[in-house]
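Q: Please take a close look at the aromatic side chains here. Where do they sit, and what do they pair with?

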Amino acid sequence: MNSRVEGLVNFIDKSMTAHFAVKNMENLLVENDYTELKLEEEFKLNGKKFYVKIDDTALLAINIGDKKLEDGFKIIGSHTDSPTFRIKRNPVMKSAGNIILNTEVYGGPILYTWMDRLLSAAGRISFFKEGKIVTELIDFKKPIFTIPSLAIHMNREVNKGFEFNAQKHTLPLMALDSEEMKEDLLLNEMAKIKGIDSKDILDYDLYIYDTAKGELVGLKEEFISQGRQDNLFMAYTSLIALLESNASGINVFLATDNEEVGSTSYAGADSPVLGRILERVAIALGANREEYLRALENSFLISADAAHAVHPNFTEKADPTNQPILGGGPVIKYAASRSYTSDAYSAGKFIDMCTKAKVPFQTYHNRSDVKGGSTIGPISQSQIAIKSVDIGMSTLGMHSARELTGASDVAHFINVFKEFYK
């Protein structure tokens, strides 16, 4: 495993939720001499490298080069969240002599891929500490859940298709029932981890994750098999590109939250937060609103999110003339519906970057009779008018508990992102 791929795999393994992804991004930024700006304080740009955390689950980093604000912002945008299950309040349930946990689906996971896996939970917790309300990250670390499949003997038609009911069929099994298993069981476990009294716990944001580590697969280790690659693959490679680039403009790394559920949150792309931060940076650089708005006209956004590779067992699902393969380089995504932002100008600009970086590129369209997904690109454009292209790494099993990508694409994306930033 080369260092580029190893760095990505290790980063994703440690980024079980958006909260931990942001923590790990922050660690990399601090190691590279970036200074934190706090949203509630005045922006004072004493230096050139800064970052801003947004609600612990999103992050913006900026490297101010030698060019002027009027040359615009160069932004690569991704997201920190992935499809999974969120643990509800009052989650402990008893059924058939077992303790199961009440959860709800987050995003659009492929439900059957979560069956029979070793699962844990992580996120953040708020509690009283020395009379004050504090929020900290929490991780159970070890496997404490599993979602057992129903035996084929009880559903002989399962391989012909089965419709899961998310309230009944995907609840994780946590323990055998016994008299000491109380309804505050989960709170007690969290209290043990934090070394606090369970009565001091106020609330939590907990998400299920697969404890299996990322692995290289294939005779020549051509593939990366790992969960949460959508979209931590893009977040990591764009951050590394920022850290390794000598900025010649105002370079911006953006990783928003809640893309998988529509981005309509404080930390999501469908909020004014990006525009507000960029304007505050412009003001701190001595610009007025007129100058900031002119800078936006010269700005460019690369919306970086996962793209579909052609599945070798389902080739009929792909567009007949646009067929990305794993590891074949960045995929430029197009849609007549504008669910992707790529057009002749923005895609042409990105193709030129790929050419200069000596990186191959591919193109993607949905089949004309199939509705596809979307990204933060069109959502960001609805918040701030900015030219944008939609690209991503070719992926099989998107939204599975374990997704498959091409190992060679790690270097491809870092190289083309560095070309954009330099």
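A: Phe85 is buried, with a relative accessible area of 1%. Buried means under 20% relative accessible area, exposed means over 50%, and partly exposed lies in between (1.4 Å probe, protein chains only).

A word on the source. This is a predicted model, in which local features need pLDDT of at least 70 and side-chain atom pairs count only at pLDDT 80 or more, while totals for chains, interfaces and linings use all residues. Residues are numbered from 1 along each chain as its sequence is written, and side-chain values use heavy atoms, leaving out hydrogens and water.

Now the sheet. Nine strands is the count of an open sheet with mixed pairing, in the order E1-E2-E3-E13-E4-E14-E18-E16-E17. Strands E1 (35-36) and E17 (362-365) are at the edges with a single partner strand each, so one side of each has no neighbour in the sheet. Strands (E, at least two residues) and helices (H or I, at least four) are DSSP runs, numbered from the N terminus. Two strands pair if DSSP finds at least two bridges between them. Strand E4 (residues 73-79) pairs with strand E13 (residues 250-256) in the parallel sense, over 7 bridges. Lys74 has Asn251 of E13 as its bridge partner.

Next, the rings. Rings of Phe, Tyr and Trp (its six-membered ring) pair if their centres lie within 6.5 Å; planes under 30 degrees apart count as stacked, over 60 as edge-to-face and the rest as tilted. The rule gives 10 aromatic pairs. One of them joins Phe73 and Tyr292: the centres are 6.4 Å apart and the planes stand at 65°, so this pair is edge-to-face. Phe73 belongs to strand E4 and Tyr292 to helix H6 (residues 289-297), 219 residues apart, linking distant parts of the chain. Phe73 is buried at 0% relative accessibility. Tyr292 is buried too, at 3%.

Back to Phe85. Its ring pairs edge-to-face with Trp114, at 5.5 Å centre to centre and 90° between the planes. Phe85 is in strand E5 (residues 84-95), while Trp114 is in the loop between strand E6 (98-106) and strand E7 (119-129), 29 residues apart. Trp114 counts as buried at 5% relative accessibility.

Elsewhere, Phe300, Tyr345, Phe420 and Tyr421 form one aromatic cluster. Lys349 lies over the face of Phe300, 5.5 Å from the ring centre. A charge sits over a ring if NZ of Lys or CZ of Arg is within 6 Å of the ring centre and within 35 degrees of the ring normal. Arg89 lies over the face of Tyr204, at 4.5 Å from the ring centre.
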